[in-house]
Amino acid sequence: MAESPSTSSWPSSERAGKILQFAPFQSLVEDGFWRRLSSLKLDTLGIDQSPIPIIGFYAPCSHAQVSNHMTLLAESLPHDPTMWSSPSEMTRGNRNRCPVPGILYNTNTLESFHALDRESLLKMEAKKILEDICSGKVEEDSALLSRFLVISFADLKKWSFRYWFAFPALVLDPPATLLNLQPALEALNLEEVESLSAACNEWRNSSSTADVPFFLVSFTSSSHATVRPLKDWEACQVDGQKLLFGFYDPCHLPNNPGWPLRNFLAFISSRWNIEKVHFLCYREKHGLADLGLSLVGEALVSPPQAWRDPQCIPKAVGWELKRGKLASRTINLADSMDPERLAVSAADLNLKLMRWRTLPSLNLNVLSIVRCLLLGAGTLGCQVARMLMAWGVRKITLLDSGRVAMSNPVRQSLYTFEDCLNGGNLKAVAAARSLKCIFPAVEAEGIKLAIPMPGHPVPAHESDGVLEDCKHLQSLIASHDVIFLLTDTRESRWLPTLFCANLNKIAITAALGFDSYLVMRHGAAPLVSMSDSSTKVEDMSTVVAQVDTSLTIDGDKGQRLGCYFCNDVVAPIDSTSNRTLDQQCTVTRPGLAPIASALAVELLVGILHHPNGIHAPGEIATSITSSSEQPFGILPHQIRGSMPQFSQMTLVGHSSNSCTACSSTVVSEYRRRGMEFILQAINHPSYLEDLTGLTELMKSASSFKLDWDNETDDDADV
């Protein structure tokens with residue numbers, strides 16, 4: 001192998017050679033990288049184990065006692081792996097962060113992690129380095145010489161991560177021989193030291209070269225130093241010039257160069273056919289060149305002949321050691337994470353795992369921002385709140401006027417014995433507090449409010465307070481996206497149903513009998529030109545102007561689905577007075593409430609994911625032939641269940657023109673008269689029957705005369 005003219009100007013070394021030993025690269029992974037990997041795994045990758053391009057960062061040693069590491073940061077990972085087609089497109093570095101391309105193999109199981117063929121992976125990356133050397137890519141992007149790989153397994157339930165770095169280094173055979181190594185201050189004369197220091201500082205201060213880790217240093221006969229990129233090799237071939245091959249050395253040791261020199265020597269000897277190489281281990285102090293810490297060395301290098309074969313798979317070393325042994329490393333972030341953030345991650349885990357295989361269309365963002373108002377914080381309200389949190393709903397308001405009684409905690413899951421003491425805590429407030437104890441990230445609020453009801457007349461001196469309650473309820477419904485009607489009595493559901501129909505809100509009712517239940521979603525509003533859901537009742541002049549042109553049923557979407565009151569032929573009345581204790585209390589089989597509550601929340605999830613939303617038609621069990629069109633299954637209108645038969649059926653009920661709660665007649669009258677209308681409906685329930693035509697309907701029905709055949713025949717008993 002011929003010696004380059006550029007290297008002949010260096011004085012010959014008189015020391016006997018020894019095998020050149022390199023200080024291994026050390027890895028450092030910041031917590032942000034693992035958090036970013038967790039998000040990428042859950043939200044994007046799923047069960048995909050394809051290699052992921054990553055970027056590591058390192059810089060020259062900047063302390064006489066501490067080496068720098070190859071560091072992985074949150075930005076080392078792509079936001080979308082498909083967007084990065086080559087390392088050069090990934091990121092740009094700076095003087096403190098030189099980017100180096102890497103590859104990450106993240107496995108789905110710990111068994112897969114242990115089963116990885118580490119030797120093959122290392123050789124694969126080493127072959128890429130050799131190909132980049134032979135093709136000349138290294139001269140354009142020298143960071144390719146330090147490419148690395150990481151294998152990992154992320155246990156996202158425990159926030160534990162097992163990983164192993166490899167820094168592939170081509171094996172020189174025979175090994176490189178070290179002829180000389182000393183501090184740059186001793187290897188160079190004073191003029192060369194001053195010029196080299198200035199040239200390196202200029203190189204490091206330039207935004208275009210600060211993150212380029214391999215370079216050339218040429219000295220003229222007058223000791224003037226110039227730092228050049230590797231692609232300027234030909235320009236440095238001038239007689240009388242001395243040439244150093246420089247690299248950013250992360251190592252601090254005085255007698256050993258850092259790991260990046262291994263592949264640099266392989267590149268120099270193979271690409272430029274140089275046998276005796278003079279190199280500069282560049283190190284810094286306080287951001288400036290430190291030629292007392294930097295090293296200048298001389299080595300004999302001979303690349304293996306096999307490297308000339310394009311199909312050659314070179315020998316390589318480079319798996320990182322752990323306490324002197326070949327072993328992976330483990331980090332557990334659970335203890336270092338903020339408990340609330342850890343709770344959020346754990347709570348979302350099951351939902352994100354659903355998207356890996358079963359429900360890729362699951363929209364967690366919609367669920368996390370939907371605002372739910374629960375009217376009633378009893379057995380149903382507690383269960384519905386828990387189910388909503390399980391589905392990722394984070395904004396929950398509970399409304400109730402009662403206090404926690406001694407009989408409640410065993411049936412109502414958000415209360416404890418302490419909530420019953422001293423007269424009992426307010427149910428809504430105690431329930432919201434309990435939700436926050438269960439999951440601190442939930443935005444839960446409890447509001448004490450009694451819902452005014454038809455059939456419960458209001459004394460004149462209380463009318464102002466009742467009307468304020470009505471306005472408050474209307475405002476709450478307007479500020480939420482979904483309303484759950486979970487109260488005990490039929491009449492308590494009337495006013496919320498009217499408000500939801502007026503504002504076109506999603507309304508879901510759950511009602512319990514002793515051994516039966518009903519869960520249903522209310523249909524869309526009866527008026528086509530619905531005012532915005534944020535419209536307040538006080539904006540009556542604007543709304544009234546729309547009523548005359550808004551009374552058409554939403555015909556282009558089919559017949560409207562009915563509400564809870566559409567099948568009734570009488571107005572809601574007082575159902576609590578003159579009742580025995582068992583009739584006053586919600587006496588029901590304990591298993592009904594969890595079933596009905598779960599179905600109510602499942603209905604909501606189906607509505608939110610249906611392309612037609614609140615306008616989705618009602619479906620029964622046989623109405624969908626292809627489940628692929630609706631990944632959540634059918635979206636029923638009503639679900640009625642019976643515990644004695646352990647049976648359940650889905651029904652569809654269309655809206656009634658005589659409905660006392662959601663018909664266009666009632667909604668338009670409310671819009672016209674406002675709170676005056678509500679007060680009249682509360683004090684005189686028969687008013688609703690008169691308004692909607694139910695009174696006339698009942699009169700007509702009672703006027704029919706039926707002729708009964710009183711004759712008997714011989715087959716009467718058959």
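Contact is taken here to mean heavy atoms within 4.5 Å. In the predicted model, Leu 362 occupies the loop between helix H8 (339–354) and helix H9 (364–369), and, when neighbours within four places in sequence are left aside, this residue is in contact with Leu 351, Met 354, Arg 355, Leu 367, Trp 391, His 609 and Phe 632. The relative accessibility of Leu 362 is 2%, so that the residue counts as buried.

Over the protein chain as a whole, 51% of the 718 residues count as buried, and the secondary structure comprises 20 helices and 27 strands. Among the contacts with a separation of 6 or more, 74% are accounted for by residues 24 or more positions apart.

An open sheet of seven strands is arranged in the order E1-E8-E15-E12-E11-E9-E10, with mixed pairing. Its edges are formed by strand E1 (18–19) and strand E10 (225–228), each of which pairs on one side only. Within this sheet, strand E9 (residues 214–219) runs antiparallel to strand E11 (residues 242–248), and the two are joined by six bridges; Val 217 has Leu 244 of E11 as its bridge partner. Helix H6 (residues 190–205) packs on the sheet, where it touches E9, E10, E11 and strand E12 (276–282), and its direction makes about 30 degrees with that of E10. Helix H7 (residues 260–272), in turn, lies across E9, E11 and E12 and runs at about 140 degrees to E11.

A further open sheet, also with mixed pairing, is formed by eight strands in the order E22-E21-E20-E23-E24-E25-E26-E27. Strand E22 (443–448) and E27 are the edge strands, each pairing on one side only, and the twist from one strand to the next averages 15 degrees. Strand E26 (residues 638–642) pairs with E27 in the antiparallel sense over five bridges, and Gly 641 has Gln 648 of E27 as its bridge partner. Helix H11 (residues 427–438) lies across strand E21 (395–400) and E22, running at about 170 degrees to E22. Helix H12 (residues 463–478) packs on this sheet as well, touching strand E20 (371–375), E21, E22 and strand E23 (482–485), with a direction that makes about 145 degrees with that of E20.

The loop between strand E27 (647–651) and helix H17 (664–673) contains Ser 655. This serine has a relative accessible area of 13% and is therefore buried; apart from neighbours within four places in sequence, Ser 655 is in contact with Gln 559, Arg 560, Leu 561, Gly 562 and Cys 566.

Packing between helices is illustrated by helix H10 (residues 379–390) and helix H16 (residues 592–609), whose axes come within 8 Å and cross at roughly 45 degrees. Because of this angle, H10 is oblique to H16, and the crossing in which H10 passes H16 is right-handed. On the H10 side, the contact is made by Thr 379, Leu 380, Gln 383, Val 384, Met 387 and Leu 388, while H16 contributes Ala 593, Pro 594, Ala 596, Ser 597, Ala 598, Val 601 and Leu 604. The residues of this contact of H10 with H16 divide into 10 nonpolar and three polar, with no charged residue.

Note on methods: Residues are numbered from 1 along each chain as its sequence is written. This is a predicted model: local features need pLDDT of at least 70, side-chain atom pairs count only at pLDDT 80 or more; totals for chains, interfaces and linings use all residues. Side-chain values use heavy atoms; hydrogens and water are left out. Two strands pair if DSSP finds at least two bridges between them. Helices (H or I, at least four residues) and strands (E, at least two) are DSSP runs, numbered from the N terminus. Axes are lines fitted to C-alpha atoms, for helices over the stretch in contact, and angles run from 0 to 180 degrees between N-to-C directions. Angles under 35 degrees count as roughly parallel, over 145 as roughly antiparallel, 65 to 115 as roughly perpendicular and the rest as oblique. A crossing is left-handed if the near helix is turned anticlockwise from the far one by less than a right angle, and right-handed if clockwise. Ala, Val, Leu, Ile, Met, Phe, Trp, Tyr, Cys and Pro count as nonpolar, Asp, Glu, Lys and Arg as charged, and the others, Gly among them, as polar. Buried means under 20% relative accessible area, exposed over 50%, partly exposed in between (1.4 Å probe, protein chains only).
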